[in-house]
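Subject: Model handover and findings

Hi,

Here is the model for your files. Please load it before you read on.

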Amino acid sequence: MASPIINQRLLEHLNTGVLLLDADLTVLYMNPAAEALLEMSGKRCLGVPFFELAIESEEATTALEQAIITGHSYTKREATIQLHNQQQMTLDYSVSPVSHPESRLPSLLVELQGRDRLMRISREEQLIAKQETTRSLVRGLAHEIKNPLGGIRGAAQLLERALPSADLKEYTNIIIEEADRLRDLVDRLLGPRQIPKQEQVNIHEVLERVCQLIDVESGGRINIERDYDPSIPELEADKGQLIQALLNICRNAMQAMLEAQPALEHPQLSLRTRTVRQFTIGHHRHRLVAQIDISDNGPGIPEELRDNLFYPMVSGRADGTGLGLSISQSIINQKNGIIEFVSDASKTIFSIYLPLE
């Protein structure tokens, strides 16, 4: 029979968070995995009510109390809880009534499994798959559009030469100009088509260039705040494409803030860089990743656009083309990175993740 010391060591090496609660739902034991999930030291948690560490709902507290009384186990999936530091997280937890090993009084064994990481990985894989599908669709559509356009333009040029009056050339010029406009639109849908010019790039030089452009375009009406991590190493990328990807995001933020109704008193764009270790993008785990956060205090992204924001032709502005974010995501995907965002009525944050290997 295993000794209590061996049992405790086993619990301490589990990846699943484990807590033992007494009949009053206060913490008797917490393993290191639970400490990491709840972001609280096990020593500080002893004797603290569980729902002061992980705030959920009154129904959840009642369910725990009923488990003590009835002795029935249960599991809850994708529960949203609020930690002591006001952060929210999603987790699965299972509750099993047990007897306290010393007092033999009823207790609860609670197993916690964080879901945020798994949900994020699943969301990223779906986003990457959607981008690949969209690119294939756009490439096929572009081929079908550009071939007839070339014929229309050529026929208009031949017709122009045969016209008896110069006044009639106005109409053939319209045909040619509109054919050229459609061709340019299709080229923009396809995104960057040149072979990337790979070089060692300092991400902060890129961001400073973007800041200069935004400052000029906004006429100095936007306050730009910087929070850079100078330890980020250079990465191999096409500098021009990287500037374009980040500029598209910053320009959208600028336009959203300047066009907000009612007008923003102090529009602010914030740029923040950090490194993240052992970070998963899609199904690939990277040793070191650069994280670039671009945030603004604008009105946020409309709820109905959020699921399809990176698709071409999706825009919240009446005169927008909806191509900027699609092109940005395509450029970052080519570097095995990804763009994510969170948004509410007062703030939007775009996070760009770029592997540094």
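Predicted model: local features only at pLDDT ≥ 70, side-chain atom pairs only at ≥ 80, totals over all residues.

Residues are numbered from 1 along each chain as its sequence is written, and side-chain values use heavy atoms, with hydrogens and water left out.

Overall picture

The protein chain has 10 helices and 13 strands. Helices (H or I, at least four residues) and strands (E, at least two) are DSSP runs, numbered from the N terminus. Of the 357 residues, 40% count as buried. Buried means under 20% relative accessible area, exposed over 50%, and partly exposed in between (1.4 Å probe, protein chains only). Among contacts in the chain with a separation of 6 or more, 61% join residues 24 or more positions apart. Contact means heavy atoms within 4.5 Å.

6 strands form an open sheet in the order 2-1-6-5-4-3, with antiparallel pairing. Two strands pair if DSSP finds at least two bridges between them. The edges are strand 2 (27-30) and strand 3 (54-55), and each pairs on one side only.

Strand 1 (residues 17-21) pairs with strand 2 over 3 bridges, antiparallel. Strand 1 is also joined to strand 6 (residues 106-114), by 5 antiparallel bridges. Leucine 21 shows both links. Its bridge partner in strand 2 is valine 27; in strand 6, the partner of leucine 21 is leucine 108. Strand 6 then pairs with strand 5 (residues 88-99) over 9 bridges, again antiparallel. There, leucine 91 has glycine 114 as its bridge partner in strand 6.

Alanine 33

Alanine 33 sits in helix 2 (residues 32-38). The residue is buried, at a relative accessible area of 14%. Leaving aside neighbours within four places in sequence, alanine 33 is in contact with Leu14, Asn15, Thr16 and Gly17. Alanine 33 and glycine 114 are 81 residues apart in sequence and 9.9 Å apart in space, C-alpha to C-alpha.

Strand 13

Strand 13 (residues 348-355) has 7 of its 8 residues buried, so it is largely enclosed by the rest of the structure. 8 bridges join strand 13 to strand 11 (residues 284-296), running antiparallel. Alanine 290 has leucine 354 of strand 13 as its bridge partner. Strand 12 (residues 338-343) is joined to strand 13 by 6 bridges, also antiparallel. Phenylalanine 341 stands opposite phenylalanine 350 in strand 13. Strand 12 and strand 13 form a hairpin, with 4 residues between them.

Helices 8 and 9

Helix 8 (residues 203-217) and helix 9 (residues 239-258) pack at about 45 degrees, with their axes 9 Å apart. Axes are lines fitted to C-alpha atoms, for helices over the stretch in contact, and angles run from 0 to 180 degrees between N-to-C directions. The two helices are therefore oblique to each other (under 35 degrees is roughly parallel, over 145 roughly antiparallel, 65 to 115 roughly perpendicular, the rest oblique).

The contact residues divide into 12 nonpolar, no polar and 5 charged. Here Ala, Val, Leu, Ile, Met, Phe, Trp, Tyr, Cys and Pro count as nonpolar, Asp, Glu, Lys and Arg as charged, and the others, Gly among them, as polar.

Best regards
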